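Visitor: I've got some questions about side chains in this one. Can you walk me through them?

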Amino acid sequence: MHRFFVPPSHIEGDRVTLIADAARQLARVLRARPGENIIVLDDTGREYAVTLDSVSVRQASGVITARYAGEGETRLAITLYQGLMKTDRFEYVLQKGTELGISRFVPIISERTVARNVISANRLERWRKIMREAAEQSGRCRLPIIADTLAFTDTCDTIAANGRPAIIGWELERDTGIRTTLIRIKPEIERAQSISIIIGSEGGLTDAEVQLAISRGVEPVSMGRRIFRAETAGIIAAAATLYEMDELI
């Protein structure tokens, strides 16, 4: 069944109301009719089975027939600190990272970041829409967070302050692969039930930046003999982490 996130205020008793994009998709794209069933989510981890009784371009509504806990979230909370890139590449990270199960995205600006434009309200809204649609498609029951942009130094200080495990992908790392590091720090990750991953932008990270991260307790890792694009590296690192933590079984 098709899935739709709605604000919690749109669920009252056994009634659900869908407006805006959700209503338009039901009416124009899916050609839904009264009597059809959908899944509604309120971003709290709950799912609601709903039978539609009214569908129009502006608003749809229905009756809740069942309530249950969603099962689409990972136990591990991943925060991806991703270097800002050209718009389409960053949007790719948001979409695929949401599908994979990343909990939080933090755009970062490092020394070699090219895309330094201030993120407008319209762009932020577009990013949230991309994440919402990806979460609906992939069966998630919570929406990931897109945080405020941080400078690289502030990123390292934030990670050091929260004391949780963190890794940084670095193409010049030759001694330690990501799997070796994840196996070594697995007990720490299990205790925290979270991990932070830092990935640079198109130009990569400078030696000084990586050394700063290391001084703040971040583990540098290699992801093999090939050099991945910035928009690919974070997805691969997150997937490897979920696999080693038995989340992809």
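Visitor: Which side chain makes a polar contact with the side chain of Arg140, and at what distance?
Guide: Keep in mind that this is a predicted model. Arg140 sits in the loop between α3 and β9 (145–146). From there, its side chain is joined to another side chain by a polar contact of 2.9 Å, and the partner is Glu73.

Visitor: Which backbone oxygen does the side chain of Arg140 reach?
Guide: Leaving aside neighbours within four places in sequence, Arg140 has contacts that include Gly101, Ile102 and Ser103. At 2.9 Å, its side chain reaches a backbone oxygen, that of Ile102.

Visitor: Is Arg140 buried or exposed?
Guide: Its relative accessibility is 3%. The cut-off for buried is under 20%, so Arg140 counts as buried.

Visitor: How is the aromatic pair of Phe90 and Trp127 arranged?
Guide: It's the one aromatic pair in the structure. The rings are 4.7 Å centre to centre, with 35 degrees between the planes. Stacked needs under 30 degrees and edge-to-face over 60, so this pair of Phe90 and Trp127 is tilted.

Visitor: How many residues apart in sequence are the parts that this pair ties together?
Guide: Phe90 belongs to helix α2 (residues 87–100), while Trp127 belongs to helix α3 (residues 121–138). The pair therefore links parts whose separation in sequence is 37 residues.

Key. Residues are numbered from 1 along each chain as its sequence is written. This is a predicted model: local features need pLDDT of at least 70, side-chain atom pairs count only at pLDDT 80 or more; totals for chains, interfaces and linings use all residues. Side-chain values use heavy atoms; hydrogens and water are left out. Rings of Phe, Tyr and Trp (its six-membered ring) pair if their centres lie within 6.5 Å; planes under 30 degrees apart count as stacked, over 60 as edge-to-face and the rest as tilted. Helices (H or I, at least four residues) and strands (E, at least two) are DSSP runs, numbered from the N terminus. Buried means under 20% relative accessible area, exposed over 50%, partly exposed in between (1.4 Å probe, protein chains only). A polar contact is a pair of N or O atoms within 3.5 Å; within protein, one must be able to donate a hydrogen and the other to accept it, and residues adjacent in sequence count only if both atoms are side-chain atoms. Contact means heavy atoms within 4.5 Å.
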